[in-house]
Amino acid sequence: MNKCHICGSNEIKEELVKETFEIDGKLVMVEGIPAQVCQRCGEVIFSSEIAENIRLIVHSNSQPTKSIQVDVFAFSA
Ligand SMILES: [Zn+2]
């Protein structure tokens, strides 16, 4: 039984998620990643196998399926 390492909940569900990663100052997004998602706190957990797959995808020179524009805001209090 999987347990959330953040809140300790065992309400973990397998879901397809999207995640953004910053590679050499460039933001990339991978979607459709099978992950375990904590239903209580929303923590997303990837198996080491999946994490390795993601690493290979974002570091390869494969063509992204699409591009999106990202607006960046500087935080000010
Ligand atoms: Zn949790």
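This note sets out numbered points on the predicted model shown above.

1. Basis of the model. The structure is a predicted model in which local features need pLDDT of at least 70 and side-chain atom pairs count only at pLDDT 80 or more, while totals for chains, interfaces and linings use all residues. Residues are numbered from 1 along each chain as its sequence is written, and side-chain values use heavy atoms, with hydrogens and water left out.

2. The sheet. Three strands form an open sheet in the order β1-β2-β3, with antiparallel pairing. Strands are DSSP runs of E of at least two residues, helices are runs of H or I of at least four, and both are numbered from the N terminus. Two strands pair if DSSP finds at least two bridges between them. The edges are formed by β1 (12–23) and β3 (44–45), each of which pairs on one side only. Between β1 and β2 (residues 26–38) the antiparallel pairing extends over 11 bridges. Within this pairing, Ile12 stands opposite Cys38 of β2, and Val17 stands opposite Ile33 of β2.

3. The helix. Helix α1 (residues 48–59) packs on the sheet, where it touches β1 and β2, and its direction makes about 165° with that of β2. Such axes are lines fitted to C-alpha atoms, for helices over the stretch in contact, and the angles run from 0 to 180 degrees between N-to-C directions. Contact here means heavy atoms within 4.5 Å.

4. The zinc site. The protein donors of the zinc ion are the SG atoms of Cys4, Cys7, Cys38 and Cys41, at 2.3 to 2.4 Å from the ion. Donors are N, O and S atoms within 2.8 Å of the metal (3.2 Å for Na, K and Ca); water is not among the atoms, so sites may look incomplete. The site is tetrahedral, with angles of 106 to 115° among its four donor atoms; four donors count as tetrahedral if all angles lie between 85 and 135 degrees. Along the chain, the donors follow the spacing C-x2-C-x30-C-x2-C. Because Cys7 lies in the segment before β1 and Cys41 in the loop between β2 and β3, this pair ties together parts that are 34 residues apart in sequence.

5. Cys7 is partly exposed at 28% relative accessibility, and Cys41 is partly exposed at 39%. Buried means under 20% relative accessible area, exposed over 50%, and partly exposed in between (1.4 Å probe, protein chains only).

6. Ser9. This residue is found in the segment before β1 and is buried, with a relative accessible area of 2%. The side chain of Ser9 reaches the backbone nitrogen of Glu11 at 3.0 Å.

7. The hairpin turn. Asp24 is placed in the loop between β1 and β2, in a hairpin with two residues between the strands, and takes a positive phi near 50°. Asp24 is exposed, with a relative accessible area of 80%. Asp24 and Arg40 are 16 residues apart in sequence, and their C-alpha atoms are 33 Å apart in space.

8. Val44. Strand β3 contains Val44, which is partly exposed at 25% relative accessibility. Val44 and Cys4 are 40 residues apart in sequence, yet 8.9 Å apart in space, C-alpha to C-alpha. Beyond neighbours within four places in sequence, the contacts of Val44 include Val17, Ala35 and Val37.

Key. Tetrahedral: all angles 85-135°; square planar, octahedral: opposite > 155°, others 65-115°. Polar contact = N/O pair within 3.5 Å; in protein donor to acceptor, adjacent residues only side chain to side chain.
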